Amino acid sequence: MNTKNTLPKIVVLTGAGISAESGLKTFRDNDGLWENHRVEDVATPEAFERNPGLVYRFYNARRAQLQQDDVKPNAAHMALAKLETIFGDNVMLVTQNVDDLHERGGNKNVYHMHGELLSARCAISQETFEWRDSFDHTSKCPCCNRVTLRPDIVWFGEMPLYMDEIYSALANADLFVAIGTSGNVYPAAGFVQIAKESGAHTIEANLAPGATNALFDESLTGPASHIVPRWVDDLISKYAL
Ligand code: APR
């Protein structure tokens with residue numbers, strides 16, 4: 001029987017699919033965000049330079065949706081909090097999501113590689129600030145008192161955050177699990193390959209196979225709120241915790 005000193009090192013990557021059952025839209029499913037908005041208009045540095053007001057409105061609408069009473073963490077978020085409680089520092093949770101449902105579900109250590117809706121960032125110092133409703137494209141940055149504030153979102157063409165920490169965890173991972181992500185956006189879509197090359201067992205958990213499905217050792221198919229709690233419970237039993 002396995003004991004605590006043989007616990008696996010686990011990297012979990014989540015995407016918009018884990019928040020779908022909490023009422024947040026994904027990007028590439030039917031009626032997804034990219035079906036209704038052009039990426040070039042709202043999610044690139046050039047769009048922000050051209051029309052910052054439009055970009056702010058797009059993210060303000062998403063923030064307002066996130067703050068609606070009926071948007072809550074679902075069973076998949078809660079299961080990942082349980083995973084962190086039980087496996088501790090052996091788990092790294094990396095999310096492409098800019099919502100705060102992992103934190104609300106109870107995870108303490110979340111790497112938001114694409115930024116966060118609930119913070120703003122100074123484009124010069126990169127310092128981040130808790131979002132205030134008064135922020136708009138004319139607001140002065142609290143750190144430098146100039147109009148350098150922007151949504152704390154990694155746009156297309158920008159480098160995702162925490163890449164050193166993530167690559168180092170992937171190099172040491174025994175288990176890599178991608179949940180609710182379509183596998184279309186790099187570098188996140190390439191994590192499975194890196195984890196495999198490091199000898200990790202790789203699992204895709206998704207409603208339908210994603211673009212990189214063939215690279216995974218195992219597929220769990222279904223809604224995240226069903227398959228993720230089951231996977232977490234199976235892992236806990238496997239390690240007799
Ligand atoms: N349970 C599990 N998976 C689901 C569910 C669900 N209830 N609902 C949808 N999915 C899956 C879809 O099958 C799809 O594979 O979630 C995935 C969502 O894919 P995308 O919309 O492409 O979202 P994501 O992979 O997170 O996008 C990556 O693209 O535009 C950017 O920056 C944005 O972080 C985002 C990145």
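Start with helix α6, residues 75-87, and helix α10, residues 224-238: their axes come within 7 Å and cross at roughly 20°. Angles under 35 degrees count as roughly parallel, so α6 is roughly parallel to α10. The crossing of α6 past α10 is left-handed. One caution before going on: this is a predicted model.

Which residues in α6 and α10 meet? From α6, take Ala 75, Ala 76, Ala 79, Leu 80, Lys 82, Leu 83 and Ile 86. Facing them in α10 are Ala 224, Ser 225, Val 228, Pro 229, Val 232 and Ile 236. By class, this contact of α6 with α10 has eleven nonpolar residues, one polar and one charged.

Now zoom out to the domains. The protein chain is divided into two. Domain 1 is written 1-23 + 73-114 + 161-241. Domain 2 is 25-70 + 117-153. Their C-alpha centres lie 26 Å apart. The contact takes ten residues from domain 1 and eight residues from domain 2. Look at the side of domain 1 that touches domain 2: three residues there are nonpolar, five are polar and two are charged.

Next, the ligand. Where does the ligand lie relative to domain 1 and domain 2? Both domains give residues to the shell around the ligand, so the ligand lies between them. There are 23 residues around the ligand. Coming nearest are Gly 15, Gly 17, Thr 26, Phe 27 and Ser 182. As for classes, the shell has twelve polar residues, eight nonpolar and three charged. Keep both tallies in mind.

Two backbone details to finish. First, proline. Tyr 186 and Pro 187 are joined by a cis peptide bond, with omega at about 10°. Where is Pro 187? Pro 187 sits in the loop between β7, residues 175-179, and α9, residues 191-197.

To recap: α6 runs roughly parallel to α10. The ligand lies between domain 1 and domain 2, because both give residues to its shell. Over to you.

How values were computed: Residues numbered from 1 in each chain as written. Predicted model: local features only at pLDDT ≥ 70, side-chain atom pairs only at ≥ 80, totals over all residues. Near = placed C-beta within 6 Å. Nonpolar A, V, L, I, M, F, W, Y, C, P; charged D, E, K, R; others polar. Domains from an automatic or database assignment. Contact = placed C-beta atoms within 7 Å. Axes fitted to C-alpha atoms, helices over the stretch in contact; angles between N-to-C directions. Helix = DSSP H or I, 4+ residues; strand = E, 2+ residues; numbered from the N terminus. Parallel < 35°, antiparallel > 145°, perpendicular 65-115°, else oblique. Left-handed = near helix turned anticlockwise from the far one by under 90°.
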